[in-house]
Amino acid sequence: MLFVELALIRWLGANIVHLSYFSNFVLLGSFLGVGAGFLISRKEWSIWPFSLPILSILVISVLLFPVSIERAGSDVIYFTSLEVSGPPAWLALPVVFVLVATIIAGPAEIVGRCFGELPPLSAYRYDLIGSLLGIGAFTALSFLQAPSIAWGLIAIVFYQVLATKGRRVVNLAWSAFLAIALCVETFTPGVSWSPYYKITTYRSDRDAPGFLLIKANGVPHQLMAPASWKVKQGERIYEAPYLRLPTNKLDDVLIIGAGSGSDVAIALQEHAKRIDAVDIDPRILQIGTNQNIDRPYANPNVTKHVNDGRAFLESTNRKYDLILFALPDSLTLVSGASQIRLESFLFTKQAIESVRRHLKPDGAFAMYNYYRETWLIDRLAGTVAKVFGHSPCVDTFAGAQATISVAMKQSAQRCQLSWNPASTGSIIEPATDDAPFLYFRGDDFPPLYTITLLGILITSLVVVRSLGGPLKGMRPYADLFFMGAAFLLLETKNIATFALLFGTTWFVNALVFTGVLLIVLAAVETTRRLRTPPLPVVYAAIAASLATAWIIHPEWLLPLPFLPRLAAATLLAFMPIYLANVAFSKRFQETADSQSAFAINLLGTIVGGCLEYCALYLGYNNLLIVTGLLYLIAFLLVPRQMAKVA
């Protein structure tokens, strides 16, 4: 069940253009599917036989009829092609939500039937072990940069093993359709997979050699071109840092967002003596190593680092003459349970302060990109001005392209024009590590989110009412609903914490999810084997652990060496999770209807997923307050006879 869920999040985000910006909606659809499957497991009819056919039809339809979710407007910036088309997000997202829920409901139904035949905690224990195996398998495929056919074959094996004898022939037919579609995708020339994207490379329509267009998840991401063309004939943002900082020695250069190597080649052309080239995507680095006509990564003075840019800054002690942020934008979220993009923590006020600390006394910093909106250019320039104590040089070009350059000493800058904010009204305050939402303007809550979240909540309510009967019949498990909402918020907060402290890489993300499952399993085993305190005591401990995590801000841990930072972060993040799941396990083992109880708990996570958007205004640390309130409501709703159970 978890393997198919993770595969759907990755695959749909890679093939429906712009869906990767909304992968949490796919996750919420999975939660609804699991909850619906558990409710269906109590009935005589079954949705399981339809899961594989719908999955196959969905994959074939997306490949045959590519869909692009239209994203326009300036309230939230999404990096995309300059021309966008397709159904609006408020229409496309609910459709994806419902289809994912229907697919996941199939295996969830089987799990639910097992819950009905086993003691509640034993069933939950096996469910967690299976989840660990599912995430382990998908993590291994990410490490191997395996293509989609590998994911499909594993899913097909699962479906076939779980099928009844009468369904196996039919399943084989649908499996064949699914496998053929994924084979066509896998063996299409130029298609490969990184841990983050479906990478597609195209030869440019230019006659000259050395031009390669790299698309990520269907969106133009990088144009690999000769350095001479980039500087002299192509895009002027690349040459601006060297024009505005002419006295820079370039003995030691750090390039974050090195990608396919064009920025590195330009720095070498400008006589940089030593370069640290950092990029988060190993596949794009590999393409640059093998195919860049300037061969920048073959230069012995260039060192490649596959890492998150902010994590590299926090882990290195080296000082640089020049630090470049070379178009470090992403087309995906860190996970399906957060609004954090791969580069979110690279543009906060604290990140720019880290940049300043890593510069030599005569050093300089520059960043450039196609920023899309003038307010974003001004926000970044304002952040740099606050950190460095003087205004940077800002060169703007067509299409809201811009280069922002600043030297440690203002006298070392050669600005063509003084920075004059183009935004109407006041400049937006810098993004922070607690609220790293650089691309969110913050004027109003985005209408897209309002409409889509309301649609998801209404759909979920209709499904629960249709499958579970009158809602008042589920009143005995209302506390489990709020526990589910609180747990999802707690998990989201921890993803943000670990992304800040250790990087936004796929590996860190996988470790967090695995750690959460292990802690939950540990809580279940504790409850099964040991005598635990009464629920009021456990809830009091939850409140204390949440308060401690709220008081100790994650950024305070950044200066610590790696091992002490890991120990402190693990304790602060996982102690509330452990205690919360001791409370859940104590409550769950006494339920008379484990299927309904587990379904209601999972449906509560949908509300938690919607409440996660509160972080846009509250910040991630204050999500702990919302989490604490939800656990308080859960405690108040615990049946009286359960509150005294030890």
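What follows is a friendly conversation about how some features of this predicted model get their labels.

Biologist: Let's begin with helix 1 and helix 6. What makes helix 1 roughly antiparallel to helix 6?

Modeller: Helix 1 (residues 2-15) and helix 6 (residues 148-162) pack at an angle of about 150°, and their axes are 10 Å apart. Roughly antiparallel is the term for angles over 145 degrees, so helix 1 is roughly antiparallel to helix 6. The crossing of these two helices is left-handed.

Biologist: Which residues make the contact of helix 1 and helix 6?

Modeller: Helix 1 contributes Phe3, Val4, Ala7, Arg10 and Trp11, while helix 6 contributes Ser148, Trp151, Ile154, Ala155, Phe158 and Tyr159. By class, that contact has nine nonpolar, one polar and one charged residues.

Biologist: And how do you know that helix 16 is roughly antiparallel to helix 19?

Modeller: The axes of helix 16 (residues 478-502) and helix 19 come within 11 Å and cross at roughly 170°. The cut-off for roughly antiparallel is over 145 degrees, so that label applies to helix 16 and helix 19. Their contact has 17 nonpolar, three polar and three charged residues.

Biologist: On to the rings. How many aromatic pairs does the structure hold?

Modeller: There are 28 aromatic pairs in the structure.

Biologist: Why is the pair of tryptophan 48 and tyrosine 159 called stacked?

Modeller: Two values matter here: the rings are 5.2 Å centre to centre, with 10° between the planes. Rings pair if their centres lie within 6.5 Å, and planes under 30 degrees apart count as stacked. Both conditions hold for tryptophan 48 and tyrosine 159, giving a stacked pair. Tryptophan 48 belongs to helix 3 and tyrosine 159 to helix 6, so the pair ties together parts that are 111 residues apart in sequence.

Biologist: Are tryptophan 48 and tyrosine 159 buried or exposed?

Modeller: Buried means under 20% relative accessible area. Tryptophan 48 has 12% relative accessibility, so it counts as buried, and tyrosine 159, at 3%, counts as buried too.

Biologist: What makes the pair of tyrosine 124 and phenylalanine 584 edge-to-face?

Modeller: Their ring centres are 5.4 Å apart and their planes stand at 70°. Tyrosine 124 is buried at 8% relative accessibility, as is phenylalanine 584 at 3%. Ring pairs also link Tyr124 and Phe584 into a cluster with Phe38, Phe115, Phe588 and Phe598.

Biologist: Now some backbone angles. What is the phi of leucine 250, and what is the phi of arginine 295?

Modeller: Leucine 250 has a positive phi of about 60° although it is not a glycine. Arginine 295 has a phi near 50°, again a positive value in a residue other than glycine. Leucine 250 sits in the loop between helix 9 (240-244) and strand 5, and arginine 295 in the loop between helix 11 (282-291) and strand 7 (302-306).

Biologist: Last one: what makes arginine 244 buried?

Modeller: Arginine 244, in helix 9, has a relative accessible area of 12%, so it is buried. Beyond its neighbours within four places in sequence, arginine 244 is in contact with several residues, including Cys393, Asp395, Ser405 and Arg414.

Note on methods. Residues numbered from 1 in each chain as written. Predicted model: local features only at pLDDT ≥ 70, side-chain atom pairs only at ≥ 80, totals over all residues. Heavy atoms only, no water. Axes fitted to C-alpha atoms, helices over the stretch in contact; angles between N-to-C directions. Helix = DSSP H or I, 4+ residues; strand = E, 2+ residues; numbered from the N terminus. Parallel < 35°, antiparallel > 145°, perpendicular 65-115°, else oblique. Left-handed = near helix turned anticlockwise from the far one by under 90°. Contact = heavy atoms within 4.5 Å. Nonpolar A, V, L, I, M, F, W, Y, C, P; charged D, E, K, R; others polar. Phe/Tyr/Trp six-rings, centres within 6.5 Å; stacked < 30°, edge-to-face > 60°. Buried < 20%, exposed > 50% of the residue type's maximum accessible area, 1.4 Å probe, protein only.
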